[in-house]
Amino acid sequence: MNIENNREREAAIFRRAFFVVGPECSGTKVTTKILLENGCFGSEKHIQPTDGLRDPAILNPYDFVVIRRSIPHNKYYPDMEQIYGYLHGAGFESVHTIVTTRNWNYIARSQVKEGYAGSESEAILSVQLAYKHIFDSISMPFTISHYTDLVNNPLGHQTWLCQRIGLEFTKEIEIKDGDL
């Protein structure tokens, strides 16, 4: 029995990818930051290490990765199936999607403030289109994470989220109430 091959097989079994997705200003950045602080490779920024779906070999050194996408992303709706395919092609058998949500009035206000929408009614339409795109394209398994739960019970929600997706919770991050 080759021990090295067994280690590789064990690592492959436990390698997991997470895809954090939601409308702009719905909590994708803070949710991704939780995963990063608890052992995932990736970025909470708009630019991702995997943008352009680079050679999947860049993910080889990592057992846990996260890709974040706000919808729309740079004014377009990403092909989520292509992202799932990329992650599967990189050797991640399991891709767990985390859909972020937040009170739509606060999302709309934030989108206007950040320049993603010209008005709150335009922002609400953007939120509706984003969720339609997400739920038309989503792959199982998925979890919904609500921004208000993070604000009202930061430690409890972060612990729950990590447990829910099978990631060891080791570090709490500070959550600021962006709904004020």
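How many helices and strands does the chain have? The chain holds seven helices and four strands. Helices are DSSP runs of H or I with at least four residues, strands are E runs of at least two, and both are numbered from the N terminus. Along the sequence the pattern reads α-β-α-β-α-β-α-α-β-α-α.

The model is predicted: local features need pLDDT of at least 70, side-chain atom pairs count only at pLDDT 80 or more, and totals for chains, interfaces and linings use all residues. Residues are numbered from 1 along each chain as its sequence is written, and side-chain values use heavy atoms, without hydrogens and water.

**Overall dimensions**

| Property of the chain | Value |
|---|---|
| Buried residues (under 20% relative accessible area, 1.4 Å probe, protein chains only) | 44% of the 180 residues |

The radius of gyration, taken over C-alpha atoms, follows a globule rule of 2.2 Å times the number of residues to the power 0.38. A compact globule of 180 residues would have a value near 16 Å, and the chain agrees with 17 Å.

**Packing of H2 and H7**

Helix H2 (residues 28–37) packs on helix H7 (residues 154–165) at an angle of about 70°, with the axes 11 Å apart. Axes are lines fitted to C-alpha atoms over the stretch in contact, and angles run from 0 to 180 degrees between N-to-C directions. That makes H2 roughly perpendicular to H7 (65 to 115 degrees). Thr-31, Ile-34 and Leu-35 in H2 meet Gln-158, Leu-161, Cys-162 and Ile-165 in H7 (contact: heavy atoms within 4.5 Å).

Key:
Angles under 35 degrees count as roughly parallel, over 145 as roughly antiparallel, 65 to 115 as roughly perpendicular and the rest as oblique. Buried means under 20% relative accessible area, exposed over 50%, partly exposed in between (1.4 Å probe, protein chains only).
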